[in-house]
Structure formats: structure tokens, C-alpha cells
Amino acid sequence: MARILTGIQSTGRPHLGNILGAIIPAIELSKQKDNESFFFIADLHSLTTIKDAEVRRENVNATAAAWLAFGFDTANNLFYRQSRIPEVCELTWYLNCFTPYPMLANAHSFKEKSDKLADVNAGLFTYPVLMAADIILYDADFVPVGKDQKQHLEMTRDIASTFNHRYGDTFVLPEAKIDENVMTIPGIDGQKMSKSYNNTIDIFLPDKKLRKVVMSIVTDSTPMEEPKNPDNCNVFALYSLLASEQEIKEMRHNYEGGNYGYGHAKQALFELIVEKYAEPRKLFNHYMENPDALESKLKEGEEKAKVIATEVLNRVRGKVGYL
Ligand code: ADP
Ligand code: TRP
């Protein structure tokens with residue numbers, strides 16, 4: 001049996017890029033026989049950037065609701081908030097003492113964030129150590145992540161093997177599962193869709209607002225009557241990610257035939273999102289309106305996670321001499 005573990009920071013409402021790039025593939029993996037999945041909301045990590053308690057709580061709920069809306073089976077797996085298993089903080093401290101300073105100083109994500117953000121706090125600096133603790137606290141075998149997290153996984157393995165070398169086998173060395181085929185989903189401006197670029201499609205918005213976002217996708221100014229090149233068009237790219245082969249073929253034909261405007265294509269994309277994601281949109285709203293239902297699913301996972309975390313942490317405490 002393989003243990004799959006991954007986390008998503010609660011930095012906002014999950015968008016189409018997060019859903020297609022992370023949530024759906026992870027849920028697919030969790031459905032494979034013999035896999036046991038640990039999916040959690042990295043709400044401690046999000047404190048590095050989000051300081052407002054109410055905003056963070058809302059983001060935690062939205063992130064949890066998105067996992068549930070796409071059908072994560074919480075009864076047969078583990079679903080939890082990182083902060084509710086504070087054992088991870090104790091493990092982080094132990095790991096900090098086995099993490100060379102230059103390893104953190106050279107991390108790409110720290111360099112990038114410290115160039116961009118005004119608030120460069122120590123939490124951002126030690127972010128990878130907390131992430132290593134997230135993973136090895138649960139003896140995870142595989143960690144599905146995007147390419148941007150590759151270095152963090154290498155650090156996790158380095159830290160865990162330094163510890164194992166010093167104290168004998170203690171931690172499972174996790175493997176990153178990076179799907180090179182998972183596309184980078186473009187945002188409404190054609191750049192990578194990201195909360196930080198303000199270019200996201202939030203599929204959970206009410207119809208009218210969602211339509212407005214879809215209508216604002218940037219296109220060129222080819223007149224309605226003229227044929228258009230679908231392969232240069234952001235609307236077509238997004239449509240192709242969701243549509244059936246037949247629908248894609250038809251839209252390509254429409255583009256190339258002329259007398260088909262970007263407005264038509266955007267309307268078709270909007271309708272496809274609403275149709276394809278009818279059930280997840282309904283479920284998402286259900287959970288957002290019923291936080292008690294969310295809470296009880298998370299609590300159930302947190303009880304299970306706590307048992308495993310305590311066991312692994314005791315193993316570590318024993319080795320370092322605190323038991
Ligand atoms: P954001 O850039 O919006 O802040 P995160 O960094 O929180 O997104 O990413 C959460 C997960 O979603 C990661 O696994 C990441 O690889 C995936 N992801 C984010 N944006 C995209 C995108 N545009 N295309 C594909 N996957 C994405
Ligand atoms: N750093 C990850 C991201 O930004 C989120 C994360 C935190 C994570 N802890 C993790 C991912 C543990 C996988 C495993 O996307």
C-alpha cells in the first residue's frame with residue numbers, strides 16, 4: 001500500500017488552474033486501489049503571507065469545500081487542517097536543527113518571494129522545513145506536486161536522510177510525483193493562472209459573475225467575419241481543456257470558418273463550465289453555506305491524523321533523547 005500526501009496552501013479560493021493542475025489529479029490518484037491519501041490544507045504555511053484571521057478562515061473553508069466538491073472520499077482517506085495537528089511544529093523544530101542554513105538560503109522559492117514581498121519574515125525562510133515535517137510526520141511514500149515544488153521535495157529527502165544517517169532509520173524517504181504532462185493552465189490574460197496575478201477563473205462564482213470573468217478573457221482584435229487561428233487563442237486553449245474531442249473539433253472549425261466571434265467562443269466556454277461543473281459548483285456552495293458539515297469532515301480526518309503523527313513523533317523524540 002502506498003501513502004500519498006499533498007497539501008494546498010489556503011491563500012484564496014481555488015481556481016481553475018488549481019483544480020485542473022492539482023485537485024483533480026490528486027483525487028484521481030486517491031481512487032487507485034491500495035493507495036491511502038492524506039490531503040491537507042496548509043493553513044500554517046499561509047500565515048507567512050495572510051495575517052488576517054477571518055480571511056484565512058474563509059480561505060480554509062473554500063479550499064476544503066473545493067476538495068469535497070470534486071469528490072474526495074474523506075471516509076477512506078485522511079482530510080485535515082495542518083494547524084490542528086500541532087505535532088508538526090515540534091517536528092519542524094527538530095528538523096530545523098538538522099537543516100543547513102545555506103540550503104534554505106539557496107531555495108528558489110525563498111529568493112523569489114523575498115524579491116517580491118514586502119514582508120520577508122523568518123516563516124518564509126523556514127517554509128521548506130515545515131513542509132518537510134508535513135510529509136515525514138505521516139511516513140508518506142509519494143507526494144504529488146507541481147514542478148515548482150520539486151526543490152522542496154529534494155530538501156525534504158536531504159533533511160530526512162541526514163537524520164536517518166545520524167540516528168538510524170527513522171523516516172520514510174518520500175518521492176515527488178511530478179506529472180510533466182499536467183499543463184500550466186493559462187489565466188484570462190494568457191500568463192500562468194495564479195492568485196498572485198489576478199487573472200484567475202473562479203468556477204464557483206455565481207453565473208453572472210462567472211460569465212463576466214469569462215467575457216474578460218483577453219483576445220486579439222480580429223473582426224468577427226474573419227477566420228481566426230484557434231492555436232493562438234486563450235479562449236480556445238481553455239475550452240480545449242474542458243471540452244470533448246468532438247466539441248473541440250467543432251470549435252476549431254468555427255474559428256477557421258469565419259463569422260464566428262470571440263464573444264461566441266467565450267459564451268460557449270462559459271456554458272461548458274456551467275454544464276461540466278454543475279455538480280461541484282452546487283456542492284461547493286452547499287459546503288460554504290454549511291460550515292458545520294465541513295468542520296465535521298475535517299475533524300474526522302484530524303482524529304485519524306493525530307494518531308499517526310503522535311506515533312511518528314514519539315519515534316523521533318525517542319531518538320533525539322526527549323523521551
Ligand atoms: P497560485 O499560483 O494560484 O497561488 P498555488 O501556488 O497555491 O497556486 O498552487 C496550488 C497547486 O495548484 C499547486 O500544486 C500548483 O502546482 C497548482 N497550480 C497552480 N496554478 C496552476 C496553473 N495555472 N496550472 C496548473 N497547475 C496550477
Ligand atoms: N508548498 C506547497 C505549495 O505551495 C504546499 C504544501 C505545504 C505542500 N506542505 C506540503 C505540498 C506538503 C505537498 C506536501 O503548493
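A polar contact, as I use it here, is a pair of N or O atoms within 3.5 Å. I'm noting that down before anything else, and also that this is a predicted model.

**Entry 1: ligand 2**

For the side chain of Q149, the distance from a nitrogen of ligand 2 to an N or O atom is 3.0 Å. Next I checked how covered the ligand is: taken alone, ligand 2 exposes 370 Å², and the protein buries 88% of that.

Who else is around? I counted 14 residues surrounding ligand 2, and the closest are G7, Y127, M131, D134 and Q149. Sorting the shell by class gave me eight nonpolar, five polar and one charged. Then I asked which elements supply at least two residues each of this shell. They are strand 1 (2-9), strand 2 (35-42) and helix 6 (122-136).

**Entry 2: ligand 1**

On to ligand 1. I get 14 residues around this one, with H15, I185, M193, S194 and K195 as the closest. The contacts I looked up here go to the backbone. A nitrogen atom of ligand 1 is 2.9 Å from a polar backbone atom of I185, and I read 2.9 Å for a ligand nitrogen and a polar backbone atom of M193 too. For G17, a backbone N or O atom lies 3.3 Å from a nitrogen of ligand 1. Taken alone, ligand 1 exposes 540 Å², of which the protein buries 82%.

How does the shell around ligand 1 divide by class? My tally is four nonpolar, seven polar and three charged.

**Entry 3: the second largest pocket**

Last, I went looking for empty space. Rolling a probe the size of a water molecule over the atoms shows where such space is left. The second largest pocket holds about 310 Å³. I listed 13 lining residues, and D43, R57, V60, R81 and R84 lie nearest the pocket's centre. Helix 2 (53-69) and helix 13 (291-320) are the elements that give two or more residues to this lining. Which of them has the largest share of the lining? Helix 2 does, with five residues. By class, I noted five nonpolar, two polar and six charged residues in the lining of this pocket.

Methods
Residues numbered from 1 in each chain as written. Chains lettered and ligands numbered in written order. Predicted model: local features only at pLDDT ≥ 70, side-chain atom pairs only at ≥ 80, totals over all residues. Heavy atoms only, no water. Near = heavy atom within 4 Å. Polar contact = N/O pair within 3.5 Å; in protein donor to acceptor, adjacent residues only side chain to side chain. Areas by Shrake-Rupley, 256 points an atom, 1.4 Å probe, with all protein chains shown as cover. Helix = DSSP H or I, 4+ residues; strand = E, 2+ residues; numbered from the N terminus. Nonpolar A, V, L, I, M, F, W, Y, C, P; charged D, E, K, R; others polar. 1 Å grid on protein atoms, 1.4 Å probe; cavity = no way out; pocket = protein on both sides within 12 Å on 5 of 7 lines; lining within 4 Å. Points joined across faces, edges and corners; volume = space filled by probe spheres on them.
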